[in-house]
Amino acid sequence: MAAHVAAASMGSRTVLLLSVFASCLALAYAAGNFYQEFHIAWGGSRAKILDNGGLLTLSLDRASGSGFQSENCYLFGKIDMQLKLVPGNSAGTVTAYYLSSQGSVHDEIDFEFLGNLSGEPYILHTNIFTQGKGNREQQFYLWFDPTTNFHTYSFLWNAQTIIFSVDGTPIREFMNLESIGVPFPNKQAMRIYSSIWNADDWATRGGRVKTDWTKAPFTASFRSFNANACIWSAGKSSCAASPSQTKAWLTQTLDSSSRYKLRWVQKKYMVYNYCTDVSRFPQGPPLECTAATTS
Ligand SMILES: *[C@@H]1O[C@H](CO)[C@@H](O)[C@H](O)[C@H]1NC(C)=O
């Protein structure tokens, strides 16, 4: 498992390196228009913006995958996107949807969807990098088929916590534990990235199931992007100008009913948790693992 997980992190890094370096713009548009909020970063015509900017599709074929990225950079936000994943035999493919800053000590918050054979479950792989270091993988099965309909995948990212949610149900939390020496991503603005690529060296059953290219192109779809977020540009946050009481998400944390749901998901659907992987952390789990379980 450890080797699989290390490779998974590398997959995400590789894609990041492919993305174009550019300074942060500050564009304020009506929510959800892909033409205005994003641009195709790589893969040429494999990525398409359709329906007047309401829908985006990414495809993978034998020659290349594809990807898009946001125009804006964000420093905190509640960011929702609906995804419909590659249907049928998607084994070997990975669709990633993540936030990332740039540079060697970058921060990153990842959703990665590991494809599977027809009728077999996808794995939702999550990770968090702070100051260039990841190795915080948690993986889940989903409680629905993510290929037949759109479902909402959300990041809540504020100064207190990071919460990953699926259709409004929290599946993972990474609390700010800077007070006990765990770095938290709160200084570097991040862009939104998404991509689809071939990772049949590790993605499906640890690389034992390969991509079936006779089924290509493999296509994932995106819609209903919504960011309640602080846009970062030229060293300034868009949130500094407006009153914070209008932004409940800036101070939102898990209430007791959400915490109950999170525990339910983690109990029933978690496939892998770095915190309990004794083979990787023989001297004991990272600090945030023991702190988080006592809260
Ligand atoms: C694919 O399906 C198999 C069999 O049900 C399962 O063991 C595996 O976790 C699934 N997901 C991936 C990404 O391999």
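Modeller: Before we start, two strands count as paired if DSSP finds at least two bridges between them, and strands (E, at least two residues) and helices (H or I, at least four) are DSSP runs numbered from the N terminus. This is a predicted model, in which local features need pLDDT of at least 70 and side-chain atom pairs count only at pLDDT 80 or more, while totals for chains, interfaces and linings use all residues. Residues are numbered from 1 along each chain as its sequence is written.

Colleague: Fine. How many helices and strands does the protein chain have?

Modeller: The protein chain has five helices and 16 strands.

Colleague: Take β10, then. Which way does it run against β11?

Modeller: Strand β10 (residues 151-157) is antiparallel to β11, and five bridges join the two. A hairpin of three residues connects β10 to β11, and leucine 156 has isoleucine 163 in β11 as its bridge partner.

Colleague: And what about β11 and β12?

Modeller: Those two are also paired in the antiparallel sense, with six bridges between β11 and strand β12 (residues 169-175), and threonine 161 stands opposite methionine 175 in β12. Two residues separate β11 and β12 in their hairpin, where aspartate 167 in the turn has a positive phi of about 50 degrees.

Colleague: Why do you call β11 largely enclosed?

Modeller: Because five of the six residues of β11 (residues 161-166) are buried, the strand is largely enclosed by the rest of the structure. A residue is buried if 20 or more other C-beta atoms, placed from the backbone, lie within 10 Å of its own, exposed if 12 or fewer, and partly exposed in between.

Colleague: Is threonine 148 buried or exposed?

Modeller: Threonine 148, in the loop between β9 (138-140) and β10, is exposed, since 10 other C-beta atoms lie within 10 Å.

Colleague: Switching topic, what surrounds the ligand?

Modeller: Leu114, Asn116, Glu120, Pro121, Ile123, Thr204 and Arg205 surround the ligand, each having its C-beta atom, placed from the backbone, within 6 Å of it.

Colleague: Where is asparagine 116, and which residues is it in contact with?

Modeller: Asparagine 116 lies in the loop between β7 (108-114) and β8 (123-129), and it is buried, with 22 other C-beta atoms within 10 Å. Leaving aside neighbours within four places in sequence, asparagine 116 is in contact (C-beta atoms, placed from the backbone, within 7 Å) with Ser90, Ala91, Pro121, Tyr122 and Thr204.

Colleague: What does UniProt say about Asn116?

Modeller: The unreviewed UniProt entry has a "glycosylation site" annotation covering Asn116, though such annotations may be inferred rather than shown by experiment.

Note on methods:
Contact = placed C-beta atoms within 7 Å.
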